[in-house]
Amino acid sequence: MKCGIVVFPGSNCDRDSFHILKEILGLETEWIWHKENSLKKFDLVVLPGGFSYGDYLRPGAISKFSPIMKSIIKYAENGGKLLGICNGFQILVECGLLPGVLMRNISHAFICDTVPVRLENDQTPFTSSSSKGTVLKLPIAHADGRYFADEDTIKELNDNDQIVLRYCDSSGTVSDENNPNGSVTNIAGIVNKAKTVCGMMPHPERQADPLWPNIDGQVIFKSLIQST
Amino acid sequence: MPLPPSPPVNIENIESLGLTLGEFERIQDLLGRNPNWTELAIFSVMWSEHCSYKSSKILLKTLPTEGPRVVQGPGENAGVVDIGDGMVAVFKIESHNHPSFIEPFQGAATGVGGILRDIFTMGARPIALLNSLRFGDPDEPHTRYLLKGVVSGISSYGNCVGVPNVGGEINFDFCYDNNNLVNVFCLGVAQKDRIFLGKASGIGNSVLYVGSKTGRDGIKGASMASASFESSTEEMRPTVQVGDPFTEKLLIEACLEAMQHDWVVGIQDMGAAGLTSSSFEMADRSGTGIELDLSKVPMRETGMTPFEILLSESQERMLFVIENGREDEAKKIFDKWDLDAVVIGKVTDTGIMRMTMEGEEVVNLPIDTVVESAPQLVRPTKKPSYLDAVDNLNVKLIPELERGDGILKLLLKSVNIADKSWAYKQYDHMVGINTLVLPGSDAAVIRVKESQKALAISVDGNSRYCHLNPFRGAQIAVAECFRNIACSGGVPIGLTNCLNFGNPEKPEIMWQFEQAVAGIGNVCNYFNVPIVSGNVSLYNETKGKSIYPTPIVAAVGLLEDQTKHCTQWFKNPGDRIGLLGLTLEEIGGTEYLESYLDLCQGSVPALDIQYERKIQELCIDLIQEDIALSAHDCADGGLAVALAEACFTGPGESLGATINLYASIRNDALLFGESQSRIVISYSPDKKDIIEEKAKNAGLDFSDLGTVGGTDLTVNLNDKEFIKEKISTLEEVWREPLQRYGG
């Protein structure tokens with residue numbers, strides 16, 4: 001399995017994803033510089049977290065014009081597996097590979113915390129190593145993570161089983177009280193219709209090194225390994 | 001285009017630059033001529049308190065700065081300490097007090113930017129930030145404005161550059177009403193053989209300007225930070241710089257990439273006093289000269305004068321000296337990161353700084369005269385008269401307590417003890433995936449990725465103790481900082497300090513300063529911990545009213561085995577709870593006296609540094625031997641607060657505790673007194689004997705106090721119930737205050 005991690009100017013979780021994929025999971029992993037015009041053959045491409053282009057204008061709004069994005073979009077349209085974490089998720093909605101928008105948190109503040117999320121669909125390459133209903137404890141760290149889409153889009157996401165993660169309490173109950181950022185129906189992560197492009201606000205790479213007692217984040221990466 | 005005429009060099013203009021007439025005469029004598037306007041401006045910033053340390057230098061020289069681990073002591077951009085395996089820890093703490101009071105968001109943000117540059121300038125990748133903040137009365141709307149502005153400024157900058165903010169402290173006191181303090185610390189790691197210094201050596205080498213363009217922001221920032229506030233600070237806003245963390249992130253990556261190459265000779269951040277201090281200091285360290293063409297400096301605005309270019313404190317700018325002939329290789333790297341990189345001059349052998357603009361010579365100054373000849377002052381000192389009054393506390397007039405529950409809750413909701421997660425949840429404290437111990441324990445623990453080691457970091461200060469007794473207060477600040485490191489399993493290997501005081505022209509303030517420096521030096525000497533970097537912030541005074549003396553210290557501790565770190569909270573029901581150390585009958589200077597009786601009085605707690613060191617060594621030993629499962633420093637609020645915090649600060653379910661104490665001292669001193677050298681630990685019941693034995697062999701006190709479990713904190717004193725309260729209630733009380741003030 002060959003992984004590529006895109007480095008935009010201002011990416012800052014790129015090294016973290018690299019560490020997990022390469023050092024912890026032992027996968028062949030390469031950097032992809034945002035100014036490149038073509039993409040090599042990869043089994044997984046990661047758009048990492050951070051503040052690409054300083055989040056200026058809107059998170060992800062400028063990154064979608066980076067030269068590499070044309071190739072990335074083509075790669076995704078051809079069924080290549082693409083994971084956007086945090087700022088990567090914001091870029092995916094900005095460039096239209098995923099529906100909806102990520103707005104300023106309802107508290108208007110940046111939130112860094114470890115929160116429970118419920119796995120809503122285990123039939124995707126990003127989640128197949130676990131089972132539906134499992135509660136994972138994953139870190140979030142964002143100011144603009146409030147997922148929003150109109151009712152029709154939400155219905156479509158539900159009908160197509162495109163919602164993969166929802167914020168919940170430690171027993172798996174989804175409610176307003178356990179919604180850290182005000183996302184509509186507590187959505188924390190979604191996939192495209194083909195289930196090959198996934199965006200999530202939580203950071204699985206931050207909870208995947210066995211030096212920490214919690215390695216819930218490995219679920220995402222192990223699923224990807226299994227499905228490749 | 002000819003340069004616009006400069007203002008005349010006359011008395012009025014000299015004073016407007018913050019120079020005294022005496023200093024001007026000294027400049028005339030040293031140069032043998034009158035300086036021109038631009039040259040005078042250079043002297044005004046280089047001889048400012050902020051850049052020259054003229055009031056403090058003589059006292060700072062008394063501090064211990066050497067040791068077998070020291071790779072670089074004070075005088076460079078940051079201190080460097082060897083951590084083994086060919087790696088070094090690079091760290092420093094710095095203040096951004098004045099700008100943060102004038103404009104809290106940008107002031108605090110650029111404080112973070114500045115300290116980050118001090119670290120990566122040395123060739124180190126920044127891996128953690130801490131901050132120590134002081135504000136005035138939180139019930140004042142203006143204080144809350146400052147609090148929110150400072151926290152969001154730190155958050156916005158640190159989060160964007162992707163360096164985790166892993167902890168710190170926030171305290172409130174009336175004495176900071178008109179002078180808040182923002183001290184920021186950064187830790188980086190580097191390979192020992194890839195450390196870079198601020199040098200301008202090699203005749204003919206190129207001086208390369210890298211980063212943001214120069215604008216008119218922050219002009220005279222160094223002078224502003226070297227004076228007291230007299231009235232409204234609104235009009236001083238233009239002296240505060242504006243930060244761009246995105247450019248900083250690009251600078252970090254580009255500079256670290258450039259520093260992989262041997263053609264980098266020297267590098268320095270353009271911080272306080274901008275291009276002036278960086279160019280002069282680099283040449284001074286190498287005994288060389290520099291020729292600069294100011295017309296080549298990338299500028300954001302047109303029509304900037306040499307004065308403005310030299311005194312601008314525009315952020316995110318670096319000055320490199322690179323080998324002659326390698327300019328294109330350097331530019332290629334900065335181009336990749338879309339950063340300006342322009343050769344603006346070269347290194348000469350003249351010892352002279354010669355600057356031209358539009359072909360016209362605007363500066364011609366001997367470098368050592370500017371850098372080394374700043375006046376060093378032996379300012380008069382005088383013990384302040386208030387000390388006699390505050391030292392007088394008649395404990396007999398304070399009745400003992402009937403029960404302790406009410407006081408415990410009062411202390412937990414004191415904003416100085418209460419939960420600080422409102423602030424640190426706004427900071428990305430996990431990016432980098434190195435944070436082994438997150439904010440909320442005694443010290444943060446950071447994994448060093450390239451090794452099996454970890455570093456524990458803590459920042460501490462106690463201005464109330466320092467107000468009552470600056471020598472012992474400073475001693476305790478250092479001792480507590482080391483104790484926090486020990487409670488996390490680390491051995492302190494280096495210290496950095498930020499000395500925040502009032503107007504040094506007042507003998508009483510200088511006396512406080514002298515005492516505090518002596519206190520810090522005393523404990524560091526005894527622990528053999530070198531002070532490798534630091535910063536002094538004077539003139540924290542408004543309309544003649546000074547802050548309490550506030551020396552802030554930050555220590556770095558080494559854990560050889562990154563898996564052997566410890567946290568402050570109880571782990572398992574059924575574990576035993578014990579106290580290392582001895583509780584004395586002392587309540588002077590405590591949070592208890594302040595919160596309950598509104599008194600800031602009495603003798604601050606005693607400190608026996610020999611005993612302190614042994615307690616810390618025992619604690620580290622118990623952690624390394626996997627005997628202690630939790631360790632928490634007994635500090636503000638005393639034993640009762642430490643016990644409560646150990647019950648509910650963990651990431652899992654809260655745990656209760658039942659404690660049985662037998663003592664003949666006053667009950668308030670026992671539960672809420674702040675005796676030093678005490679650590680609350682928990683351990684499996686079968687380990688009690690071995691702890692007792694180890695304590696006895698070391699000549700230390702240890703008492704087994706009770707058991708972890710249940711849903712209440714119960715403290716029985718001499719077989720009588722003294723405290724009994726639900727943990728959930730205590731936690732609620734503790735969580736609320738800062739949420740309210742910040743929300």
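Trainee: Is B:Ser595 buried or exposed, and why?

Mentor: Bear in mind that this is a predicted model. B:Ser595 has 21 C-beta neighbours inside 10 Å, so B:Ser595 counts as buried.

Trainee: Where does B:Ser595 lie, and which residues does B:Ser595 touch?

Mentor: B:Ser595 belongs to helix H21 (residues 591–597) of chain B. Leaving out residues up to four places away in sequence, B:Ser595 touches B:Leu410, B:Leu411 and B:Ser414. B:Lys383, for its part, is 212 residues from B:Ser595 in sequence and 27 Å away in space, C-alpha to C-alpha.

Trainee: How should I read a sheet? In what order do the six strands of the open sheet in chain B come?

Mentor: Strands of a sheet pair through backbone hydrogen bonds, either parallel or antiparallel. In chain B, the order across the open sheet is E14-E15-E16-E21-E17-E18, with mixed pairing. At the edges are strand E14 (435–437) and strand E18 (531–537), each of which pairs on one side only. On average, neighbouring strands of this sheet are turned by 25 degrees against each other, direction ignored. H19(B) packs on the sheet, where it touches strand E16 (454–460), strand E17 (491–500) and strand E21 (550–559) of chain B, and its direction makes about 25 degrees with that of E21(B).

Trainee: How many bridges join E14(B) to strand E15 of chain B?

Mentor: Two bridges join them, and the strands run antiparallel. Within this stretch, B:Val437 stands opposite B:Val445 in E15(B).

Trainee: Which strands does helix H20 of chain B lie across, and how do H19(B) and H20(B) cross?

Mentor: Helix H20 (residues 507–527) lies across E17, E18 and E21 of chain B, and it runs at about 175 degrees to E17(B). The axes of H19(B) and H20(B) come within 7 Å and cross at roughly 35 degrees. The crossing is right-handed. Among the residues that meet there are B:Val478 and B:Phe482 in H19(B), and B:Ile520 and B:Val523 in H20(B). By class, this contact has twelve nonpolar, six polar and one charged residues.

Trainee: In strand E23 of chain B, which residues point one way and which the other?

Mentor: In a regular strand the side chains alternate between the two faces of the sheet. In strand E23 (residues 630–633) of chain B, B:Ser630 and B:His632 point one way and B:Ala631 and B:Asp633 the other, and all are buried. Four bridges join E23(B) to strand E25 (residues 679–683) of chain B in an antiparallel arrangement. There, B:His632 has B:Val680 as its bridge partner.

Trainee: What is the phi of B:Glu358, and where is B:Glu358?

Mentor: Most residues other than glycine have a negative phi, and most peptide bonds are trans. B:Glu358 has a positive phi, near 50 degrees, and its place is in the loop between E12 and E13 of chain B. Because B:Glu358 has 12 C-beta neighbours inside 10 Å, it counts as exposed. With 14 C-beta neighbours inside 10 Å, B:Asp85 counts as partly exposed.

Trainee: Finally, how many residues of chain B are in contact with chain A?

Mentor: 22 residues of chain B are in contact with 22 residues of chain A. On the chain B side, helix H8 (141–161) and helix H10 (245–258) each supply at least two residues. By class, that side has ten nonpolar, seven polar and five charged residues.

Methods:
Residues numbered from 1 in each chain as written. Chains lettered and ligands numbered in written order. Predicted model: local features only at pLDDT ≥ 70, side-chain atom pairs only at ≥ 80, totals over all residues. Pairing = 2+ DSSP bridges. Axes fitted to C-alpha atoms, helices over the stretch in contact; angles between N-to-C directions. Contact = placed C-beta atoms within 7 Å. Nonpolar A, V, L, I, M, F, W, Y, C, P; charged D, E, K, R; others polar. Buried ≥ 20, exposed ≤ 12 C-beta atoms within 10 Å, placed from the backbone. Left-handed = near helix turned anticlockwise from the far one by under 90°.
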